[in-house]
Amino acid sequence: RKNEGTSKSKNPNLRTIEMLDKMAHYYDRIGDRWRTISYRKAITALKRQTDYIATREQAIGIPGIGERLASKVEEIACTNKLRRLESTVTDPNDPILLLFMGIYQVGLPTASRWIAQGHQSLEDLKSKADLTPNQRIGLDHYDDFLSRIPRSEVMAHADIVRRACSNADAQIQLVVGGSCRRGSADCGDIDLIITKESASLEQIRTILVDTVIPQLFQDGFLQVGLATSRSRSTDRGSKWHGASALPGSQVWRRIDLLFVPWDEFGAALIYFTGNDIFNRSIRLLASRKKMRLNQHGLYGDIMRGEKRERITQGRLLEGRSEERIFEILGLQTQHHLPGGA
Ligand code: DCP
Ligand code: MG
Ligand code: MN
């Protein structure tokens, strides 16, 4: 027993054993007793080998390894991985899967990969998994980021950011967007749409990134910045994601600062107020009317080819005024914004 560490490191089949062990773990967890036992048997048998087992034939020759397992051993030896381990189908209602997907920015692929790797709890992930910096933060603040934010608290965060903006530049305008602007009693995060009359994206971003954000960190309000993943090139530099906490509170809230050039303010208000389903339907409506709506503006004279692909960008009809965009589309703003906010 004492020598286990050294004898193990000399075993030429270590990599194979590791993979089979993960599979055994997985089958054990989903309650497949028969497979768990056959994997464990094969592992025990392989641990006793002093030669590297690379082929199916070699593996079948070992007592304790059946035909099916022998193929797996060969697969691992040949490809250095086990397909079954990577494509292990996870039950979408698996409580551990749902637990992992509760981590900020963790979706089905990452969560199921962690499960296939044998992780079973948040503690497992904290101590053993390979985590990105964002995932680490998400894990450390699991409950905070999952809990809903009362509307009044969203407003309190917004007030702090608004004050810091005014101190940096009296002309900056800030609107609370997202679910809060749709009238929700509580929100998943804090979405703040920030613009300034006549200003470009570059000018607004500079004020925020160089002055306002550093100040808010210094004040102890901002806690951390979160790298944007997979952000499209068009979005680059127009968003800041992070976490904030009210003075005297330990609770971290997710906060998004959205930098918007003055000319696109109306289109951005529509987009960042949402929700995503509303956005999809209003864009569809625009395209039915031979127009195009995105977060930058409403465009007309769109030419499309035979496969409905766009040939021209079109002419900007309106970007600045939210009300005017609704009007051109033939919609009434009151239906979208509660209390005409
Ligand atoms: N949005 C979208 N499509 C996406 C993501 C976002 O159209 N895939 C738009 C609509 C959303 C807005 O951005 O309303 C803000 O995104 P959030 O993820 O913050 O969503 P909500 O604020 O609507 O809801 P929550 O309370 O969960 O934050
Ligand atoms: Mg939101
Ligand atoms: Mn958001």
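The model is a predicted one, and its secondary structure comes to 18 helices and 10 strands. The radius of gyration of the chain is 27 Å, well over the 20 Å that the globule rule gives for 341 residues, so the chain is more spread out than a compact globule.

**Overall form**

- Taken along the principal axes, the box filled by the C-alpha atoms of the chain is roughly 80 × 60 × 35 Å.
- Of the 341 residues in the chain, 29% are buried.
- When contacts between residues at least 6 apart in sequence are considered, 52% of them join residues that are at least 24 apart.

**Strand β7 and its partners**

- Strand β7 covers residues 253–259, and because 6 of its 7 residues are buried, the strand is largely enclosed by the rest of the structure.
- Strand β4 (residues 190–196) pairs with β7 in the parallel sense over 5 bridges, whereas strand β6 (residues 239–244) runs antiparallel to β7 and is joined to it by 6 bridges.
- Isoleucine 255 in β7 takes part in both pairings, being the bridge partner of isoleucine 190 and standing opposite glycine 242.
- In a regular strand, side chains alternate between the two faces of the sheet.

**Surroundings of ligand 1**

- The shell around ligand 1 consists of Gly178, Ser179, Cys187, Gly188, Asp189, Asp191, Tyr271, Phe272, Gly274, Asn275, Asp276 and Asn279.
- Two or more residues of this shell come from each of the helices α13 (178–181), α15 (265–273) and α16 (276–288).

**Threonine 273**

- Threonine 273 lies in helix α15, which is one of the elements that give two or more residues to the shell around ligand 1.
- Threonine 273 counts as buried because it has 23 C-beta neighbours inside 10 Å, where the cut-off for a buried residue is 20 or more.
- Leaving aside residues up to four places away in sequence, threonine 273 touches Gly177, Gly178, Arg181 and Arg182, and of these Gly178 also belongs to the shell around ligand 1.
- Aspartate 191, which is among the residues surrounding ligand 1, is 82 residues from threonine 273 in sequence, while their C-alpha atoms are 8.7 Å apart in space.

Technical notes
Residues are numbered from 1 along each chain as its sequence is written. Chains are lettered from A and ligands numbered from 1 in the order in which they are written. This is a predicted model: local features need pLDDT of at least 70, side-chain atom pairs count only at pLDDT 80 or more; totals for chains, interfaces and linings use all residues. A residue is near a molecule or strand if its C-beta atom, placed from the backbone, lies within 6 Å of it. Helices (H or I, at least four residues) and strands (E, at least two) are DSSP runs, numbered from the N terminus. The radius of gyration is taken over C-alpha atoms; the globule rule is 2.2 Å times the number of residues to the power 0.38. A residue is buried if 20 or more other C-beta atoms lie within 10 Å of its own, exposed if 12 or fewer, and partly exposed in between; C-beta atoms are placed from the backbone. Two residues are in contact if their C-beta atoms, placed from the backbone, lie within 7 Å. Two strands pair if DSSP finds at least two bridges between them.
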